[in-house]
Structures are given as structure tokens and as C-alpha cells.
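Hello,

Here is the structure I promised to pass on. Please open it alongside this note.

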Amino acid sequence: MRLILLGPPGSGKGTQAQRLVQKHGIVQLSTGEMLRAAVAAGTPIGLQAKDIMAAGGLVPDEIVVGIISDRIDQADAKNGFILDGFPRTVPQAEALDDLLKKKRLKLDAVVELRVNESALLERVEKRAAETRARGEEVRADDTPEVLTKRLASYRVQTEPLIHYYSERRKLLTVDGMMTIEHVTSEINRILEALGATEPKAGRRAAPAKRSGSGTARKGTKAPAKKAAAKTKGTGKVKEGAGKGTKKAATSARKARKTVSKAAKARGVGKAKKTVRQAAKRPAKKLTKKRAKR
């Protein structure tokens, strides 16, 4: 997971970064800390930064990007990282995009903590008053005056990044005015949803089933077979009916012969009775055969 946290001073980026580090096992990369570490390690880029910082100048973007490049190559950054405090400008964001592209790495999301500036100033004033009430000295960078200047700088330099990452569909906005726990919960919810909609590497989506001609063709075969079976069945019925009719005619002829014999031998009354019995026999046999079919 590779993230960038955006937000004005006092929005709680540092607190949320630490929580994400603990939850996901990634590292927090702060440009200030990376610069100091590079200088202390005496790396080539660190030595360049040291000379510039000693002269009181601002470290150029290419040096900062070079330090970031060295840092994300280290083993503890393999699982991912959170960039806090960088990029601060659109040119820095473009340089970071180029760096990640060269390393074949992907930026997962940019989380913006959106806050109310007037509420931030009230927080700082309250914190400063509580510090004085305890008899402690207020930090020089934790006063309403300093915060006002930092907020103005953020609006000019860093706020354009919101539009930059929004265009690239990387921006996720969270209400930073909620409690710390609610902000953490919302960030995790959004990141989990992001990780569920993106397909994992190496896994291809199953091809969609066609609902057109293929299904229709398969569907027409079965009714055709059934219709053919019914037609064959009808032919058998007709054939069976024809055989039954022939048997009935044969039985009738035999019955007539029996009548003539009975009339001669026993008389008309007995002949009629015999005719009825003879007529019933073939009818019963035909009915049973039809019932079996």
C-alpha cells in the first residue's frame, strides 16, 4: 500500500499516519526526517543536501526526490509507505509520478483530511491557553499567528494538488473534523473498499457469458427434439390405432360367422345372445391394449 496524506497544518496527518503504519505494517516517510537521515548517513545526495541546508537554502526538488528514491528501495518499505509532507507542489507531484513509474510502482491513493481553518485556529488558541495555564512555555510553532501563515502557504502551494490527484482518480476525501477514532475508521473503510474493487495482479476477470445467439441456439435444440419425439409418438399411436381397427374388423367377421352358425343350431334368440358376447370380446381386448399404450 502506497499512500500520500494531504491536509493543512493541524489536520491530524501525523496521528493518522502512525495508525496506518501500525495497522498495515508500512513505513511513514517524512521528508524532513529523510533529509536528516541522509545527511547523517553521508550518502552522496545527503552530502549535497547538507551543503545547501548549511547555507540556509531550500533543498531542490530533484534532491528531495533522489532521497525518496533511495529510501523506498530499502527493505522496510517493500510492503508500502506513507508520504507525509511530500509532495507539497504540483511539480513535486509530477516528479514523484515519474519516479514511481521508473520503479514500476503504483500509488494507491491520496487521502485528503479536509478541515475547517477557523476551527483549527480555535484549537491552537485553546491548546496554547492550556499550556500557559500549566505554567509551561508555548512552542514557537504552535501559536495562532504561525498557524495563520502556514495555512496561507498551504492554500497557495499545496491545495492545487487536490485538483491534480482528483483528475487522476486518486483522491479520497475524509472529514478531518471528526474525532480521531472516527477519522481512522473512515480512512480504513475507504481503503478496504478500494482494495476490494481493484483486481489483484495476475488474476483475470471471468469472461462475461453471452446472452444472445449462443443461448438461443441451445434453447431451440431441446424443443425441437421434444417436438420430434411427440411426432414419433403420434405416428405410433396412429399405427396402433390402425392395427386395433383391423383386429376389430376381423373380430366382427368372426362374430358374423358365429351368428350364422348359432342361428342354424340354436335359433334366433340364442344367436342374438352370442352376437352380443362376440361383439364384447374384441372391444375389451382393444380397450386393454389402448390403455397399455
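The model is predicted, so local features need pLDDT of at least 70, side-chain atom pairs count only at pLDDT 80 or more, and totals for chains, interfaces and linings use all residues. Residues are numbered from 1 along each chain as its sequence is written, and side-chain values use heavy atoms, with hydrogens and water left out.

**The sheet**

Five strands matter here. The open sheet of 5 strands runs in the order S2-S3-S1-S4-S5, with parallel pairing. (Strands are DSSP runs of E with at least two residues, and helices are runs of H or I with at least four; both are numbered from the N terminus.) Two strands pair if DSSP finds at least two bridges between them. In general, strands of a sheet pair through backbone hydrogen bonds, either parallel or antiparallel.

The edges are S2 and S5 (171–175), each of which pairs on one side only. On average, neighbouring strands are turned by 25 degrees against each other, direction ignored.

Now across the sheet:

- S2 and S3 run parallel and are joined by 4 bridges. Valine 27 has phenylalanine 81 as its bridge partner in S3.
- S3 and S1 also pair in the parallel sense, over 4 bridges. Isoleucine 4 stands opposite leucine 83, and leucine 5 has aspartate 84 as its bridge partner.
- S1 and S4 pair in the parallel sense over 4 bridges. Leucine 6 stands opposite glutamate 112 of S4.
- S4 (residues 109–114) and S5 run parallel, with 5 bridges between them. Valine 110 is partnered by leucine 171.

Look next at S1 (residues 2–6). It is mostly covered: 5 of its 5 residues are buried (under 20% relative accessible area; exposed is over 50%, partly exposed in between, with a 1.4 Å probe and protein chains only). Arg2, Ile4 and Leu6 lie on one side, Leu3 and Leu5 on the other.

**Helix H4**

H4 covers residues 61–72. Its 12 residues should span 16 Å at 1.5 Å a residue, and its end C-alpha atoms are 16 Å apart, which agrees. (The expected span is 1.5 Å times one less than the number of residues.)

H4 is mostly covered, with 9 of its 12 residues buried. Among them are Ile63, Gly66, Ile67 and Arg71. The cover includes S2 (27–30), H2 (31–41), H3 (44–54), S3 (81–84) and H5 (90–102).

How do H4 and H5 pack, and at what angle? The angle is about 35 degrees, with the axes 10 Å apart. (Axes are lines fitted to C-alpha atoms, for helices over the stretch in contact; angles run from 0 to 180 degrees between N-to-C directions.) From H4 the contact uses Asp61, Val65, Ile68, Ser69 and Ile72, and from H5 Pro91, Gln92, Ala95, Leu99 and Leu100. Contact means heavy atoms within 4.5 Å.

**Threonine 131**

One last residue. Threonine 131 lies in H6 (residues 117–133). Is it buried or exposed? Threonine 131 is buried, because its relative accessible area is 11%. Leaving aside neighbours within four places in sequence, threonine 131 is in contact with Glu136, Glu137 and Val138.

Best wishes
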